[in-house]
Amino acid sequence: MELLTTEEMNRADALTAASGRPVGELMLAAGQAVRDSAVDMLPDGACVYVLCGTGNNGGDGFVAARLLQESGYRVRVGIVGDRGSMRPDAAAAAALWHGPVERVSADRLEGASLIVDALFGAGLARDVQGAALEAVRLVNRSTARVLAVDVPSGVDGTTGEVRGEAVQADATITFFRLKPGHVLLPGRELCGRVRLAQIGIEPGVLDAIGSRAWLNRPSLWGSCFPVPGAGGHKYSRGHALIAGGSTMTGAARLAARAALRTGAGLVTLGAPPAVLPIYQAALEAVIVLPMDGRGGFADLLLDDRRNAVLVGPGAGADFATRELAWLALESSRSVVLDADALTSFADEPEHLFSRNKQNGNVVLTPHEGEFNRVFRGLRGSSRSKLERARAAAEASGSVVLLKGADTVIAAPDGRAAISDNAPPWLATAGSGDVLAGIITGLLAQGMPAFEAAAAAAWMHGEAAREIGPGLIAEDLPDALRPVLARLYGAAARAQST
Ligand SMILES: NC(=O)C1=CN([C@@H]2O[C@H](COP(=O)(O)OP(=O)(O)OC[C@H]3O[C@@H](n4cnc5c(N)ncnc54)[C@H](OP(=O)(O)O)[C@@H]3O)[C@@H](O)[C@H]2O)[C@@H](O)CC1
Ligand SMILES: Nc1ncnc2c1ncn2[C@@H]1O[C@H](COP(=O)(O)OP(=O)(O)O)[C@@H](O)[C@H]1O
Ligand SMILES: [K+]
């Protein structure tokens with residue numbers, strides 16, 4: 001599912017109009033979808049308050065008001081702004097509403113079971129202030145449920161940021177395709193449940209728009225997801241190499257277990273001699289070999305069947321770790337750099353970037369703190385999380401997976417995916433190490449870097465949902481099993497059709 005910015009949605013609108021379907025028709029379909037969603041949220045005959053602005057978002061509100069009244073609901077309409085300055089299509093919709101249009105006030109909202117928020121949608125152009133701000137506050141103070149049209153007013157559909165203040169909705173109905181602001185925080189939290197309606201825009205316009213952002217779902221990467229074949233054997237399923245740290249040994253163990261669970265045929269963990277027994281005692285199917293510093297790691301890289309390498313979990317943010325990362329990048333394997341491997345480049349990120357660009361199949365997996373350390377030029381940037389991840393991917397020449405509840409995966413060519421399936425209980429120590437292991441396991445099986453990172457983030461979220469509250473990182477590798485079963489099942493069904 002593509003995610004369209006406000007600008008891209010406007011182009012979809014314009015292309016549709018140019019093909020002979022006027023905005024008024026789209027607005028009618030949008031208003032019908034708002035009516036249908038409202039009906040789902042209302043008891044029969046209840047009172048609805050429709051809050052309209054003077055743009056086309058307000059036009060959708062006027063259409064919905066008329067249709068809800070025709071369906072037997074008691075409807076009140078309030079407007080912010082001058083009715084005489086409405087945009088033409090919105091004015092035409094307003095002209096078909098024959099009831100009163102009131103100034104917005106607290107007493108008029110009283111008694112409403114539902115507020116339809118049609119104040120601002122894609123046209124939000126600046127921070128909400130004055131009468132609009134008052135209206136947003138009245139909506140948020142009301143005990144009525146709230147249905148937002150397109151986006152909650154005050155939320156920027158392109159970035160998910162709040163401009164001034166925003167409506168907190170219980171549900172949001174949007175049109176044609178979701179927007180990044182429905183998935184990125186804080187927008188996602190303000191939307192409530194998001195519903196999508198088709199209003200007559202042909203999917204063919206997407207080719208001309210060329211959107212480069214997607215909701216992270218198997219439809220984005222499922223076609224290259226590695227599924228074991230009947231004729232396969234462990235050597236044909238890739239061989240992951242993980243550099244183990246000498247103090248925080250748990251991190252690399254979690255990653256190794258996750259890489260194996262994800263389907264890598266073999267996983268080797270290189271362990272500093274002093275802690276070799278700890279790794280050996282804790283891991284059965286993982287090959288644990290001694291690795292003495294830089295030279296030891298270089299020896300492990302001599303076996304070119306080890307085709308995907310992870311450096312970082314529990315490694316220590318020091319020069320020794322940087323050297324391992326360097327070796328991995330030079331080795332022309334697929335590489336994941338996580339945690340300390342990223343921080344070890346904090347004072348000279350250009351060194352990391354120049355190596356990445358030579359390798360071409362690298363995934364960096366920073367959380368916000370690590371991101372700010374490595375991508376100092378983007379620190380404090382007012383750009384959205386999506387744009388920051390994209391800029392980082394371009395600057396570093398690698399796939400960047402920027403973690404969080406709304407993890408963004410961006411490729412240097414501008415492709416980006418946003419995840420929305422990670423539950424809050426995934427935010428626990430060690431879960432990032434598991435994620436790094438999943439990516440490495442997929443890279444070992446030959447999945448390209450962008451798709452591998454996106455698939456891993458999705459699987460990580462799904463595994464966390466399987467487990468439920470109380471999750472600890474140790475639970476995650478096992479919980480990948482039902483997730484893999486679903487993916488393999490989907491691949492088998494796709495092949496048989
Ligand atoms: N695209 C499609 O295919 C379809 C789109 N449809 C619908 O149209 C919606 C987009 O409509 P839109 O472009 O008219 O903008 P909208 O959100 O109504 O508001 C813009 C108005 O608000 C004003 N304004 C802005 N910020 C402000 C602020 N902070 N404080 C105060 N005022 C502010 C701004 O005024 P100005 O900047 O000129 O002062 C402008 O007049 C979209 O979300 C969807 O619901 C469907 O009908 C059919 C298919
Ligand atoms: N609020 C949240 N909701 C869902 N997932 C989250 C949230 N915060 C963090 N995560 C996820 O939890 C994981 C934490 O990784 P990380 O910060 O590297 O922790 P660690 O280093 O302890 O493993 C990441 O996959 C991140 O996307
Ligand atoms: K709205």
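**Notes on the predicted model**

1. Helix α20 (residues 449-467) comprises 19 residues and extends 27 Å from its first C-alpha to its last, close to the 27 Å expected at 1.5 Å a residue. The expected span of a helix is 1.5 Å times one less than its number of residues. Helices (H or I, at least four residues) and strands (E, at least two) are DSSP runs, numbered from the N terminus. α20 is mostly covered, 16 of its 19 residues being buried. A residue is termed buried if 20 or more other C-beta atoms lie within 10 Å of its own, exposed if 12 or fewer, and partly exposed in between, with C-beta atoms placed from the backbone. Gly-468 follows α20 and has a positive phi, near 85°.

2. This is a predicted model, in which local features need pLDDT of at least 70 and side-chain atom pairs count only at pLDDT 80 or more, while totals for chains, interfaces and linings use all residues. Residues are numbered from 1 along each chain as its sequence is written, and chains are lettered from A and ligands numbered from 1 in the order in which they are written.

3. The domain assignment divides the chain into domain 1 (6-211) and domain 2 (218-496); such bounds come from an automatic or database domain assignment. The centres of domain 1 and domain 2, taken over C-alpha atoms, are separated by 41 Å. Nine residues from domain 1 and seven residues from domain 2 take part in the contact, where two residues are in contact if their C-beta atoms, placed from the backbone, lie within 7 Å. On the side of domain 1 that touches domain 2 there are four nonpolar, three polar and two charged residues. Ala, Val, Leu, Ile, Met, Phe, Trp, Tyr, Cys and Pro count as nonpolar, Asp, Glu, Lys and Arg as charged, and the others, Gly among them, as polar.

4. For residues 217-487 the composition is 46% helix and 15% strand, and the end C-alpha atoms lie 11 Å apart.

5. Which residues come nearest to ligand 1? They are Asp-13, Gly-55, Asn-56, Gly-121 and Gly-123, of the 30 residues around ligand 1; a residue is near a molecule or strand if its C-beta atom, placed from the backbone, lies within 6 Å of it. α1 (6-18), α2 (23-41) and α3 (56-70) each supply at least two residues of this shell, and α3 gives the most, with five residues. By class, the shell has 14 nonpolar, 10 polar and six charged residues.

6. Around ligand 2 there are 17 residues, of which Lys-403, Ala-405, Ala-422, Ala-427 and Gly-432 come nearest. Helix α19 (residues 431-444) provides the largest share of the shell, four residues. The shell comprises eight nonpolar, seven polar and two charged residues.

7. The peptide bond from Leu-185 to Pro-186 is cis, with omega near 0°, and Pro-186 lies in the loop between α7 (180-183) and α8 (187-191). Phe-176, although not a glycine, has a positive phi of about 70°. Phe-176 counts as buried because 23 other C-beta atoms lie within 10 Å.
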